[in-house]
Amino acid sequence: MVNMAAQEARRRFTKPRRITTTRHGSALSELLRALEDYLPVVLGLVKDGCQLRDKVRFVWINQEDDAEETAMTNAWYEVLSVLHLMAMLSLLQANRLLLPKISSEGYQLKISEENRKKSIDILLKAAGYLDCAIRHVLPQITQEHRKDLPLDLEEEVLRALCLQALGQCVDIQLGMAIDSPKATLAVKRRLACEMVNYWHQAQHNMAKLPCTDGWVKKHQLFIKWKYAEAKAAAYYYHGLILDEGNTEKSHGVAIAALQASEEYLKESKKACETFNSTPPTSRNPPLWGSMKYLSEKIPKDASSKIRINQDLYSEERTFKTAPTLPDFALALKPDDYQLPPLDPLWNKEDHHH
């Protein structure tokens with residue numbers, strides 16, 4: 001697994017456009033499969049009565065923590081780290097499926113519906129690994145030992161990543177709804193409002209962490225960017241629905257919602273620039289999915305609706321404060337991932353003893 005991870009890291013930084021494949025599939029899939037095979041083995045160390053639970057020293061390299069690596073003689077730390085890596089690999093897999101491809105003529109090709117659906121399944125799986133880690137593995141580690149965990153494995157980071165995966169799922173669903181002539185404004189508004197809720201919760205969790213530079217700051221800025229995008233989308237669809245009302249008040253509130261949408265769109269663009277310019281620096285990605293459509297529609301529709309309504313009503317009658325967004329129950333949940341049974345080898349060892 002160490003060799004496979006090292007090869008994947010080298011491939012990622014030296015030839016970012018090429019996907020390494022093996023006889024059985026992509027290198028990422030192979031690494032995930034190896035981790036899935038390893039987990040039943042390491043779970044044997046945490047079973048009741050195992051003398052090795054606090055005897056084996058496990059070392060992992062960190063990303064978000066200031067310390068380069070963390071070593072602990074705690075088998076639950078190893079289980080937690082494996083689940084975290086499985087989630088990270090799944091997020092990377094989903095991301096690769098969503099990378100926009102460029103045609104031979106230089107045009108950005110549309111991401112296929114099949115790839116978008118696959119990405120949703122993978123993101124829900126990633127959320128399932130993280131949810132299992134939070135609910136079933138973290139409670140096994142004492143508060144005293146939890147102090148030794150790296151920032152990468154803090155409960156707030158794991159929760160933020162889980163919510164981030166769910167928020168990205170809804171973003172993909174919204175993009176598919178925008179492409180579908182059957183999807184109503186109400187459906188799109190609901191998806192956008194749910195997306196706001198997921199990103200709000202993710203931001204709330206990341207805000208509890210200490211302010212440091214590096215990957216933690218980068219992670220916080222990413223969530224801030226996506227949260228602003230979600231609010232721009234939600235206020236846009238909320239404004240369009242309010243504008244369908246026949247009263248002066250509904251039109252006034254609609255203007256306030258559309259103005260808020262425009263402001264959040266500007267905020268999201270600034271947040272995106274800040275995210276990309278913050279070390280470690282990254283390239284500004286091309287717009288795709290829901291935001292590719294909304295970045296054009298929001299300024300255009302907001303401008304025309306505001307002009308029409310201002311012609312009908314005096315400016316004093318328009319609302320200056322954005323209306324409250326509807327609060328919908330969240331539809332998406334993480335996959336119900338369960339820790340696998342112990343490797344049969346542990347039972348053989350018991351029999352031997």
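**Calls and cut-offs in a predicted model**

Q: Which residues does Tyr-293 touch, not counting residues up to four places away in sequence?

A: Tyr-293 touches Ile-178 and Tyr-237. Touching, or contact, means heavy atoms within 4.5 Å.

Q: Why is Tyr-293 called partly exposed?

A: Its relative accessible area is 32%. Buried means under 20%, exposed means over 50%, and partly exposed is in between (1.4 Å probe, protein chains only). The value of 32% falls in between, so Tyr-293 is partly exposed. Tyr-293 sits in helix α10.

Q: How many helices and strands does the protein have, and what counts as one?

A: There are 11 helices and four strands. Both are DSSP runs numbered from the N terminus: helices are H or I with at least four residues, strands are E with at least two.

Q: What makes α3 roughly antiparallel to α4?

A: The axes of α3 (residues 75–97) and α4 (residues 113–137) come within 8 Å and cross at roughly 165 degrees. Angles over 145 degrees count as roughly antiparallel, under 35 as roughly parallel, 65 to 115 as roughly perpendicular, and the rest as oblique. The angle clears the antiparallel cut-off, so α3 is roughly antiparallel to α4. These axes are lines fitted to C-alpha atoms, for helices over the stretch in contact, and angles run from 0 to 180 degrees between N-to-C directions.

Q: Which hand does the crossing of α3 and α4 have, and what does that term mean?

A: The crossing is left-handed. In a left-handed crossing, the near helix is turned anticlockwise from the far one by less than a right angle; clockwise makes it right-handed.

Q: Which residues make the contact of α3 with α4, and how do they divide by class?

A: On α3, they include Trp-76, Leu-83 and Leu-91. On α4, Ile-122, Tyr-129 and Val-137 are among them. By class, the contact has 17 nonpolar, four polar and one charged residues. Ala, Val, Leu, Ile, Met, Phe, Trp, Tyr, Cys and Pro count as nonpolar; Asp, Glu, Lys and Arg as charged; the others, Gly among them, as polar.

Q: Why is Ser-81 called buried?

A: Ser-81 has a relative accessible area of 4%. Ser-81 belongs to helix α3. Leaving aside neighbours within four places in sequence, Ser-81 is in contact with Trp-60 and Leu-153.

Q: Is Gln-140 buried, partly exposed or exposed, and what value shows it?

A: Gln-140 has a relative accessible area of 43%, so the term is partly exposed. Gln-140 lies in the loop between α4 and α5 (143–146). Its C-alpha atom is 7.0 Å from that of Trp-76, 64 residues away along the chain.

Q: How do you know that Glu-194 is buried or exposed?

A: Its relative accessible area is 3%, so Glu-194 is buried. Glu-194 is in helix α7 (residues 185–206). Not counting residues up to four places away in sequence, Glu-194 touches several residues, including Val-170, Phe-328 and Leu-332.

Q: What makes α7 and α8 roughly antiparallel to each other?

A: α7 and α8 (residues 215–243) pack at an angle of about 155 degrees, with their axes 8 Å apart. That angle is past the antiparallel cut-off, so the two are roughly antiparallel. α7 passes α8 in a left-handed crossing. Their contact has 19 nonpolar, five polar and five charged residues.

Q: At what angle do α6 and α8 cross, and which residues make the contact?

A: The axes of α6 (residues 155–179) and α8 come within 12 Å and cross at roughly 35 degrees. The crossing is left-handed. Leu-161 and Ile-178 of α6 and Phe-222 and Tyr-237 of α8 are among the residues in contact. The contact divides into eight nonpolar, three polar and no charged residues.

Q: What share of the protein is buried?

A: Buried residues make up 47% of the 353 residues.

Technical notes
Residues are numbered from 1 along each chain as its sequence is written. This is a predicted model: local features need pLDDT of at least 70, side-chain atom pairs count only at pLDDT 80 or more; totals for chains, interfaces and linings use all residues. Side-chain values use heavy atoms; hydrogens and water are left out.
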